[in-house]
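Subject: Structure handover and notes

Dear colleague,

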Amino acid sequence: MIPTEIWTVRLLLRAVEETDLDAFARWFTDPEVMKYEYYIPQVICTMPPSNFLMRFHRLAAPHTDIGQTKYFIDTTIASPYNGVLDFSVCLSGPTMSSAGLSGFSGCEGVEDSMPMIVIGRVAIRDKKEIEFMLNRQYWGKGFAFEMVDALLKHFWSTEKDADAVKADVDPRNGRSLRLLERLGFMEVGRAKRTFKTHLEIWTERLLLRAVEESDLDAFTKWFTDPEAMKYWSTPPHTDIKQTKDFIDSTIAGPYNGVLDFAVCLPDTTANSEDDHEGAPMPVIGRAGIWDGKEVGFIFNREFWGKGYAFEAVDALLKQFWAINEDPKASVKADVDPRNEGSLRLLKRLGFVVVGTAEKTFETHLGWCDSVYLEAKRPAAT
């Protein structure tokens, strides 16, 4: 398969390049563009025991770190379909339109003197399924139609044995449905609950998954417990609405199911993934790296002293290092110096004290001090 270039009246479709990183990051970090998109997460935290199955669910959350986008670009470049059926979409300057290059392939050297703006991506994955994304700045101008139309024409001309191209679209994505119908696609079927939109991380004993509305009762147990909330940044909840508001804001946040998780205790006697479907999974805590910077965790007191917090935060940190390729990236923690249990746990996980401060925030305990900790990327092994 030889990479090519596809020219239209206003666009150039060419192979994805490393220099496309900034452009791809614009739409991969845009919640509106990513609303109905998905990709397969690249993260493997801890291999589960033999009686568990690792679940990889499609992750539809916007990218929260440039490392995620770089990973996507690197895997695309390494694919044999890059520049064959997988393209960056460039918007040329006015001189390109006037040059009459529509329909030409492989016009080497012409583009060198012309401004090229990467505005989207279009691909036919595995020679089967169309997918496309466009920087929101360029919506409503016909560019999506033009680039998908060009790729389909290229596909039909080069894949002589192909008899169909498929698409899998969320029914709420009316814009994409209308575009595909204009290009000759017809609805051939519907299915419910075809993919989940968050990552699940399995450890030896735990499941870390996105926070859900049904977690309200579990979250209420620790948020109303004075001992569990002793060093939290707010007093214990006195009304279930406080807990519901907390859950709602977590679900609405971009990190839910990416770097912010409910911690569940599965039935370890189950032998397969199917055995877990519908099985009761007590929610015993929450762990997250909030705003992609600061780790925090809280657990139902009934499950203290069993190593669950260490296991969950360890898996969470591995997730963070896997999706963040910045060699200077770090995770921070702000801990009350009286919270000896959390300080010991974090130090076991590689955190070191980098500073202290007095009277940093006021809670139900009065003015509290802070111990600041930081963990840097572990050395490669």
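This is a predicted model: local features need pLDDT of at least 70, side-chain atom pairs count only at pLDDT 80 or more; totals for chains, interfaces and linings use all residues.

Residues are numbered from 1 along each chain as its sequence is written, and side-chain values use heavy atoms, with hydrogens and water left out.

The sheet is an open one, formed by 5 strands in the order 1-2-3-4-5 with antiparallel pairing; strands here are DSSP runs (E, at least two residues), numbered from the N terminus, and two of them pair if DSSP finds at least two bridges between them. At the edges are strand 1 (6–7) and strand 5, each of which pairs on one side only. Further in, strand 3 (residues 86–92) is joined to strand 4 by 7 bridges in the antiparallel sense, and Val 89 stands opposite Gly 120 of strand 4.

Strand 4 also holds Met 116, which is partly exposed because its relative accessible area is 28%; the scale calls a residue buried under 20%, exposed over 50% and partly exposed in between (1.4 Å probe, protein chains only). Although Met 116 and Leu 12 are 104 residues apart in sequence, their C-alpha atoms are 8.6 Å apart in space.

Arg 209, in strand 7 (residues 207–209), counts as buried because its relative accessible area is 11%. Its side chain is joined to that of Asp 215 by a polar contact of 2.7 Å, a term for a pair of N or O atoms within 3.5 Å, where within protein one must be able to donate a hydrogen and the other to accept it, and where residues adjacent in sequence count only if both atoms are side-chain atoms. Leaving aside neighbours within four places in sequence, Arg 209 is in contact (heavy atoms within 4.5 Å) with several residues, including Leu 199, Asp 260, Phe 261 and Val 283.

Which residues other than glycine have a positive phi? One is Asp 126, with phi near 55°, in the loop between strand 4 (116–125) and strand 5 (129–134); Asp 126 is partly exposed, because its relative accessibility is 47%. Another is Lys 359, with phi near 50°, which lies in strand 12 (residues 352–363) and counts as exposed because its relative accessibility is 59%.

Notes:
Helices (H or I, at least four residues) and strands (E, at least two) are DSSP runs, numbered from the N terminus.
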